[in-house]
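Student: Please take one part of this structure and look at it closely. I would like to see how it sits in the whole.

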Amino acid sequence: MGVEETSGHKAQSDLSRHEADHPSSAVAHFAAHEPLMLDCGFALAPWQIAYQTYGTLNKDRSNAILICHALTGDQHVANINPVTGKPGWWTSMVGAGKPFDTDRFFIICANVLGSCMGTSGPASLNATTQNPWAVDFPVVTIRDMVRAQARLLDRLGIESLFCVAGGSMGGMQVLQWASTFPDRVFSAIPLATGAKHSAQNIAFHEVGRQAVMADPDWHGGHYRMQGIRPEKGLAVARMAAHITYLSEGALHRKFGRRLQDRAAPTFSFDADFEIESYLRYQGRSFVERFDANSYLYLTRAMDYFDLADDAGGKLAAVFKGTKARFCVASFTSDWLFPTRDSRAIVHALNAAGASVSFVEIETDKGHDAFLLDEPVLFATTRGFIDAAARARHLPEASR
Amino acid sequence: MNDHSSRVDLLLVADMIEKGARVLDVGCGDGSLLQILTDQRQVDGRGIELSQSGVNGCVAKGLSVIQGDADTDLIDYPDDAFDYVILSQTLQATRQPREVVKHLLRIGRRAIVSFPNFGHWRIRAQVAFLGRMPVTKNLSYAWYDTPNIHFCTIRDFISLCDELQADVEKAVALDRNGSAMRMNLPWAVWNMFGEQAVFMLKRHGIK
């Protein structure tokens with residue numbers, strides 16, 4: 001790693017540290033007398049939630065769509081990300097004329113509780129100690145994230161959401177929304193997700209967490225006090241996780257056994273293969289924008305997610321009486337949240353008599369497919385959203 | 001499973017359903033019937049379809065359709081979940097038609113089943129005189145690639161209804177041109193000259 005590159009990284013990581021308390025997006029502050037009650041029993045106060053909005057809320061306040069981001073996502077869905085300088089993470093789906101049409105809908109995305117982009121989390125300052133919370137931050141759940149979002153919507157004066165949508169951990173939040181606040185959800189789009197985290201998924205998360213905690217620079221979680229970060233551990237965690245977001249087919253197609261800028265193996269442990277070089281890059285760029293402790297907290301929240309637990313183990317009971325319409329989608333090559341996970345959700349919704357659409361989309365792009373340009377996902381979402389908009393008497397698309 | 005647009009039974013089925021009913025279309029294909037029912041009858045319609053391309057097309061049209069299999073997935077639906085459950089030209093392609101019809105009667109207050117009549121004289125004639133498996137305009141598959149594995153005749157279907165203690169509320173046979181045959185003809189005539197049949201059934205004893 002060259003000197004110049006290092007200083008560039010430092011600038012970006014300083015920026016991401018600044019975002020944790022002073023986000024460049026909008027932020028709602030909740031004072032000491034407005035605590036957020038968490039599943040673990042902790043009353044979090046004061047706390048804050050950072051969010052982005054796109055489009056205009058209509059007079060009836062009936063056109064709001066909440067987008068829920070995934071594990072390492074943030075509220076910058078469709079604008080240039082202030083830390084990375086790259087386009088938002090879902091510009092394929094959110095924007096003027098897109099399925100989540102900013103010309104027709106008021107779109108909200110909030111940074112999740114426990115993350116590091118301006119919503120309270122381990123990277124935020126603890127008002128009591130004036131130090132970063134670090135591992136003293138309470139362990140949060142998917143339901144806590146959703147409660148925080150609901151408090152934000154209360155602030156914004158939005159009683160009922162036209163739609164809640166998201167993939168992966170975002171999809172978990174979508175399901176939790178439908179379960180915890182059934183009267184506030186008109187339609188729901190859980191993508192590439194499951195109603196519970198599988199043993200295999202918990203296992204991968206544990207590998208990631210152990211990599212972070214094994215890094216001596218983690219300092220028992222209090223690395224910020226030492227002016228340092230567990231970069232190596234977090235990078236390894238990201239590399240391992242990244243493999244689970246792809247598929248064997250896509251890896252073969254994109255990298256195969258090709259060598260990186262060399263004609264023959266070097267008989268060393270350099271990144272000889274393109275795939276090694278790619279993963280190293282993914283790990284390196286991740287640590288510049290993401291807080292290691294946040295990674296521990298958010299993976300934990302996913303591990304704890306088991307929606308049926310709320311209803312004595314019967315998933316159908318979770319959705320009993322729901323009036324929301326659902327559109328579930330999975331991807332054929334997604335082995336992190338395989339189609340059978342989506343099918344379990346669909347079966348439960350059917351048993352509950354809910355209105356549900358379900359498509360399995362053929363792709364070799366693995367779990368990450370929901371973030372990518374997938375024409376079938378595009379057409380499915382658009383058809384579902386347009387039909388839901390008609391049912392809610394929202395104006396038709398102009399184009 | 002079949003091309004809905006050319007299917008003569010669609011409008012006939014649609015006519016049997018009142019406005020605003022809750023409807024499940026099992027084997028809904030490209031969603032043509034659901035679309036008709038939604039547009040003309042304002043039903044609360046759902047569909048199950050085996051083929052992924054069919055499902056994707058339906059959902060893109062805004063229909064509530066899931067990818068699923070009549071043989072395995074009907075068990076998920078609670079009793080009396082729908083006013084009407086429709087099985088349109090799909091019965092003959094199921095692995096366990098008897099079980100499927102039982103589920104239809106359980107899930108819906110009324111079950112509407114349409115199927116090609118294997119007792120039609122042209123089919124009988126092909127088997128009797130040519131000694132070949134029949135291939136007709138409506139049943140255009142060869143024996144080795146047909147998805148239709150459980151054909152029945154109108155009479156066979158009536159005896160299945162008896163066995164399942166289902167009441168036949170309505171029955172219509174369609175002739176070659178797709179027009180409904182006169183109601184008061186005896187079953188034997190329908191069985192000989194009806195190319196397709198549409199039945200509305202209910203569990204014995206329910207209103």
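Tutor: The radius of gyration is taken over C-alpha atoms, and the globule rule is 2.2 Å times the number of residues to the power 0.38. The model is predicted. Chain A has 399 residues, for which a compact globule would have a radius of gyration near 21 Å; chain A has 21 Å, so the two agree. Its C-alpha atoms fill a box of roughly 65 × 50 × 45 Å along the principal axes. Buried residues make up 52% of chain A. Chain A holds 11 helices and 14 strands. Take contacts in chain A between residues at least 6 apart in sequence: 71% of them join residues at least 24 apart.

Now the close look, at one helix pair. Helix H5 of chain A covers residues 231–245, and helix H7 of chain A covers residues 274–289. Their axes come within 8 Å and cross at roughly 125°. An angle over 145 degrees would count as roughly antiparallel, and 65 to 115 as roughly perpendicular. H5(A) and H7(A) are therefore oblique to each other. Their crossing is right-handed.

Which residues make the contact? From H5(A) come A:Glu231, A:Leu234, A:Ala235, A:Val236, A:Arg238, A:Met239 and A:His242. H7(A) supplies A:Leu279, A:Gln282, A:Gly283, A:Arg284, A:Phe286 and A:Val287. By class, the residues of this contact divide into 7 nonpolar, 3 polar and 3 charged.

Chain A also meets a partner. In that pairing, 16 residues of chain B are in contact with 20 residues of chain A. On the chain B side, H3(B) gives the largest share, 5 residues.

Key
Residues numbered from 1 in each chain as written. Chains lettered and ligands numbered in written order. Predicted model: local features only at pLDDT ≥ 70, side-chain atom pairs only at ≥ 80, totals over all residues. Contact = placed C-beta atoms within 7 Å. Helix = DSSP H or I, 4+ residues; strand = E, 2+ residues; numbered from the N terminus. Buried ≥ 20, exposed ≤ 12 C-beta atoms within 10 Å, placed from the backbone. Axes fitted to C-alpha atoms, helices over the stretch in contact; angles between N-to-C directions. Parallel < 35°, antiparallel > 145°, perpendicular 65-115°, else oblique. Left-handed = near helix turned anticlockwise from the far one by under 90°. Nonpolar A, V, L, I, M, F, W, Y, C, P; charged D, E, K, R; others polar.
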